[in-house]
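Here is a quick tour of a protein model for you. Keep the picture open while you read, and check each point as you go.

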2 protein chains.
Amino acid sequence: MLQAPPAEPGMREEDVETPALLLDLDAFEHNLDTMAAILAPTATKLRAHAKTHKSPIIALQQMRRGAIGQCVQKVAEAEALAWGGVPDILVSNEVIAPRKLARLAALSSIAKVAVCADHEHGIAAIESAAEAAGLRMTVLVEIDCGAGRCGVTPGPEAVALAERIASSRHLIFGGLQSYHGNAQHRRTPEARAEAIAGAAEGTRRTVEQLRQRGLDCAIIGGAGTGTFRNEVASGIWNEIQAGSYAFMDADYGRNEDPPPFKQSLFVLAQVMSAPRPGFCVVDAGHKAVAIDSGLPLVHGFPGVSYTGASDEHGNLKAEDPAMLPRLGQTVRLVPGHCDPTVDRYDWYVGVRRGRVECLWPVAARGGMA
Amino acid sequence: MLQAPPAEPGMREEDVETPALLLDLDAFEHNLDTMAAILAPTATKLRAHAKTHKSPIIALQQMRRGAIGQCVQKVAEAEALAWGGVPDILVSNEVIAPRKLARLAALSSIAKVAVCADHEHGIAAIESAAEAAGLRMTVLVEIDCGAGRCGVTPGPEAVALAERIASSRHLIFGGLQSYHGNAQHRRTPEARAEAIAGAAEGTRRTVEQLRQRGLDCAIIGGAGTGTFRNEVASGIWNEIQAGSYAFMDADYGRNEDPPPFKQSLFVLAQVMSAPRPGFCVVDAGHKAVAIDSGLPLVHGFPGVSYTGASDEHGNLKAEDPAMLPRLGQTVRLVPGHCDPTVDRYDWYVGVRRGRVECLWPVAARGGMA
């Protein structure tokens with residue numbers, strides 16, 4: 001069920017067993033350094049989102065560069081991080097199942113953990129778990145700042161939930177979760193700025209109303225790789241939750257004025273059939289590379305397109321057949337969407353200048369519950 | 001990296017940690033029995049495709065009902081099956097990387113294995129692996145019988161490759177791989193029949209040309225859940241490679257005159273946010289259920305639709321808000337596509353009459369190389 005590593009340190013990139021999840025370490029470290037440099041002169045901290053990388057190794061590299069902790073979406077991800085030494089974890093999502101909340105409470109002895117709620121039902125469930133575990137759990141209120149998914153309406157509804165949390169002797173009110181997910185991939189900077197301006201208004205109003213009731217927000221969290229510069233500029237959020245910035249993907253590359261990061265994540269694939277001129281097949285289909293945000297790009301092969309994915313096969317076409325990779329050659333694919341691509345693999349293969357340098361487990365791979 | 005099981009035997013279905021891969025055992029056994037009953041009076045055998053289930057436990061249940069072996073797409077899948085006791089495995093796909101072929105050769109001591117080729121380059125690679133391992137490897141020639149993916153043209157090109165295999169003292173010619181993949185989901189029975197009639201013509205012609213050269217095809221393999229009745233009726237194929245029939249999915253359900261199997265595979269999800277009337281959010285997004293062939297269906301909730309998937313969230317909507325599941329309730333989702341959904345999970349949760357009966361590992365989960 002755990003797959004064997006597809007490579008060994010020192011191996012040449014073209015000898016890695018395909019498909020494999022390749023991390024270009026120079027580009028990856030550039031991305032971590034760039035984010036740290038952008039945030040250093042601001043009052044905003046990075047709480048990087050581990051839903052993207054699912055790895056305590058990467059989390060700790062982010063924290064060595066100034067990140068104050070990590071976000072996750074799932075309790076299984078929180079476990080993988082805490083077990084790997086990450087000391088401060090926010091579940092930026094609702095958790096209401098008693099078994100999951102008991103698991104989360106059990107992590108409190110090795111890490112600082114917090115979780116979100118958007119309903120009285122969820123708060124009561126967390127309260128029960130905290131009471132059963134004999135500790136106090138920190139709860140943030142999630143507001144729907146424009147994405148139209150989870151979260152209560154900004155303003156009085158959010159304040160009521162915060163007061164409910166603060167009034168419980170088993171809970172600590174931890175602040176606000178305010179993430180505008182679907183703003184991240186709006187194509188123009190103007191559209192992204194407009195979305196975040198709206199999110200900022202509702203967030204600011206809620207923070208003020210909470211303050212009037214004597215409730216301070218230790219965390220005002222949100223933002224992603226597509227918009228974090230807007231949230232930082234607003235001065236409202238004190239933590240940003242970008243994750244994709246470490247890897248990037250084809251879909252972020254399609255944004256106008258894209259974020260200032262390099263593509264560091266690839267799926268290495270091999271041409272395993274070349275049945276006719278201008279067409280060949282690689283061994284990475286949609287089991288190997290997520291296609292929810294579009295098909296992958298073929299890196300370093302101008303004029304070559306990945307035109308269709310089946311379970312285990314990807315079709316490559318070129319108008320000029322001479323441009324196609326040869327049978328047996330390996331190619332780097334740029335995933336359409338990084339997060340769900342990473343989640344399909346057990347191992348990162350870290351490469352630098354054509355050689356495998358390290359193998360890191362994707363520790364929370366498949367951690368859905 | 002291996003996730004803990006999301007349930008224990010005896011637990012009620014609604015207490016399983018979500019999202020989870022649920023197998024309705026009554027429906028699953030019905031499907032295995034039905035396929036066995038359809039094929040029993042024919043000369044065609046089932047070599048079920050394990051790319052769907054990735055489990056030697058399920059493979060052995062199919063073989064106890066008459067299947068003569070299993071197909072896989074990847075060497076890692078062949079390993080998981082052989083290690084789990086499956087005695088006869090065909091890699092119904094090209095493998096050309098020397099490291100993978102060495103792994104495949106190493107399985108020959110515990111299972112009968114065969115692999116496909118569609119190019120002289122691939123045959124030479126298999127020959128080298130066989131020679132290095134000191135054994136003879138069985139190779140089938142894949143023909144492109146209409147799908148337009150891998151495979152040589154039926155007729156003389158295929159015969160030339162077969163003769164090349166048969167002339168090697170390290171190889172055994174094993175027959176033809178002739179699978180029309182994209183015919184499986186053509187919506188009308190007429191369109192499927194037309195596609196398989198074309199595939200049958202090329203396959204029959206190639207078999208005859210091979211016979212004229214003294215080359216018999218031990219295996220003439222192909223067909224999937226959508227068309228296998230056509231291949232069986234043709235009298236040409238002697239092995240069919242259906243896999244999805246054990247589970248079914250929403251996309252097969254959209255075929256006119258769909259195959260005679262029940263939906264046995266579900267993703268169990270929980271409503272974890274219900275922020276406004278007529279809308280709620282479940283904890284299964286596209287990391288938990290494959291959307292390459294459309295969004296999942298919500299089983300047992302008429303009028304409720306799964307309208308959008310993000311990484312970890314699925315949106316449910318209903319025109320009549322009273323029809324929606326409640327906050328905290330679990331729902332069964334019917335995946336759009338079964339194979340890539342299974343590949344996201346470590347465990348099958350087998351349920352019967354509302355109770356968990358068994359937990360089976362998805363042994364080849366993530367086995368891409």
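This is a predicted model: local features need pLDDT of at least 70, side-chain atom pairs count only at pLDDT 80 or more; totals for chains, interfaces and linings use all residues.

**Two domains in chain A**

- Where they touch, 9 residues come from domain 1 of chain A and 13 residues from domain 2 of chain A (contact means heavy atoms within 4.5 Å).
- Together, domain 1 of chain A and domain 2 of chain A bury about 960 Å², with 57% of it on carbon and sulfur atoms. Buried area here is the accessible area (1.4 Å probe) that two parts lose on being put together, summed over both.
- On the domain 1 side of chain A, F261(A), D339(A) and W360(A) lose the most area to domain 2 of chain A, together 52% of what that side buries.
- There are 2 salt bridges between domain 1 of chain A and domain 2 of chain A (a salt bridge is a side-chain nitrogen of Lys or Arg within 4 Å of a carboxyl oxygen of Asp or Glu).
- D339(A) also turns up in a salt bridge with K51(A), where the closest N and O atoms are 2.9 Å apart.

- The contact between the chains draws on 70 residues from chain B and 69 residues from chain A.
- Because 99% of the interface residues of chain B are also interface residues in chain A, the copies meet through the same surface.
- Chain B and chain A bury about 5400 Å² between them, and carbon and sulfur atoms give 52% of that.

**Charged pairs across the chains**

- Side chains of opposite charge can pair when their charged atoms come close.
- The structure holds 56 salt bridges over all chains, and the rule finds 12 across the interface of chain B and chain A.
- One salt bridge links D311(A) with K51(B), with the closest N and O atoms 2.6 Å apart.
- Another joins E312(B) to K51(A), with the closest N and O atoms 3.9 Å apart. E312(B) sits in the loop between strand 13 (304–309) and strand 14 (314–318) of chain B, and K51(A) sits in helix 2 (residues 50–53) of chain A. Helices (H or I, at least four residues) and strands (E, at least two) are DSSP runs, numbered from the N terminus.

**Barrels and strands**

- In chain B, 8 strands close into a barrel in the order 2-3-4-5-6-7-8-9, with parallel pairing (two strands pair if DSSP finds at least two bridges between them).
- Chain A has a barrel of 8 strands too, in the order 2-3-4-5-6-7-8-9, again with parallel pairing.
- In chain B, strand 2 (residues 45–49) and strand 9 (residues 239–240) pair in the parallel sense over 2 bridges, and L46(B) stands opposite I240(B).
- In chain A, strand 4 (residues 88–94) and strand 5 (residues 112–117) run parallel, joined by 5 bridges; D88(A) has K112(A) as its bridge partner.
- For an antiparallel pair, look at strand 16 (residues 347–352) and strand 17 (residues 355–361) of chain B, which share 6 bridges. There, G350(B) stands opposite C358(B).

- Most residues other than glycine have a negative phi, and most peptide bonds are trans.
- K54(B) is not a glycine, yet has a positive phi of about 55°.
- The peptide bond from T18(A) to P19(A) is cis, with omega near -5°.
- T18(B) and P19(B) are also joined by a cis peptide bond, with omega about -10°.

Note on methods
Residues are numbered from 1 along each chain as its sequence is written. Chains are lettered from A and ligands numbered from 1 in the order in which they are written. Side-chain values use heavy atoms; hydrogens and water are left out.
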